Amino acid sequence: MTQQDADRYLQDYILAIKAVGQESAQRDIYQSNSISVKLSAIHPRYSRAQYERVMNELYPRVKQLFLLAKQFNISINIDAEEANRLELSLDLIEKLIDEPELQGYKGIGFVVQAYSKRAAKVIDYLIELARQKQSYLMIRLVKGAYWDSEIKWAQNRRIN
């Protein structure tokens, strides 16, 4: 994916947040629809190997989306991605929770892949993080879109 693609997806997310936010006007955040953001869609190099670049280039985009969602009082989730991106996503969510501009916002969300052997530990980590930071955090459990791919990648690693 290119930067041009990432820019286009970012604009699409902005439009989606505005549309959901306008449709959800006057509703409680827990009764409104939400948006899930696939971070690899809004940055062409979303990988642990590009950590500094992700924090410097992607994080401001993520923060922008969360601030916009806060204005509309809707929740936004960091969507689950491949297992090798989990720690990076967790670093981003922790950074969001620390944002003074997002203090008190109840719509910060994180999606966890249920099939992952780490799912229970990730949930425990997120709960503890929210407690330590005295913050709100929505956690959504999904069955996992990458299950088949990750099994194949693991099989290939064993063969090689």
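View 1. Helix α4 has 15 residues and reaches 21 Å from its first C-alpha to its last, close to the 21 Å expected at 1.5 Å a residue. The expected span is 1.5 Å times one less than the number of residues in the helix. The model is predicted; local features need pLDDT of at least 70, side-chain atom pairs count only at pLDDT 80 or more, and totals for chains, interfaces and linings use all residues. Residues are numbered from 1 along each chain as its sequence is written, and side-chain values use heavy atoms, with hydrogens and water left out. Helices (H or I, at least four residues) and strands (E, at least two) are DSSP runs, numbered from the N terminus. In α4, the residues A119, V122, L126, L129 and A130 are buried (under 20% relative accessible area, with exposed meaning over 50% and partly exposed in between; 1.4 Å probe, protein chains only).

View 2. Q134 is found in the loop between α4 (119-133) and β4 (138-142). Its phi is near 50°, a positive value in a residue other than glycine. Most residues other than glycine have a negative phi. Q134 is exposed, with a relative accessible area of 72%.

**View 3. N73, between α2 and β2.** The loop between α2 (51-72) and β2 (76-78) holds N73. N73 also has a positive phi, near 60°, and is not a glycine. With 36% relative accessibility, N73 counts as partly exposed.

**View 4. Helices α1 and α2 side by side.** Two packed helices are described by the angle between their axes and the distance between the axes. The axes of α1 (residues 3-23) and α2 come within 9 Å and cross at roughly 10°. Axes are lines fitted to C-alpha atoms, for helices over the stretch in contact, and angles run from 0 to 180 degrees between N-to-C directions. The two helices are therefore roughly parallel to each other (angles under 35 degrees; over 145 is roughly antiparallel, 65 to 115 roughly perpendicular and the rest oblique). Contact means heavy atoms within 4.5 Å. Residues of α1 including L10, Y13, I14 and I17 meet residues of α2 including L65, L68 and F72.
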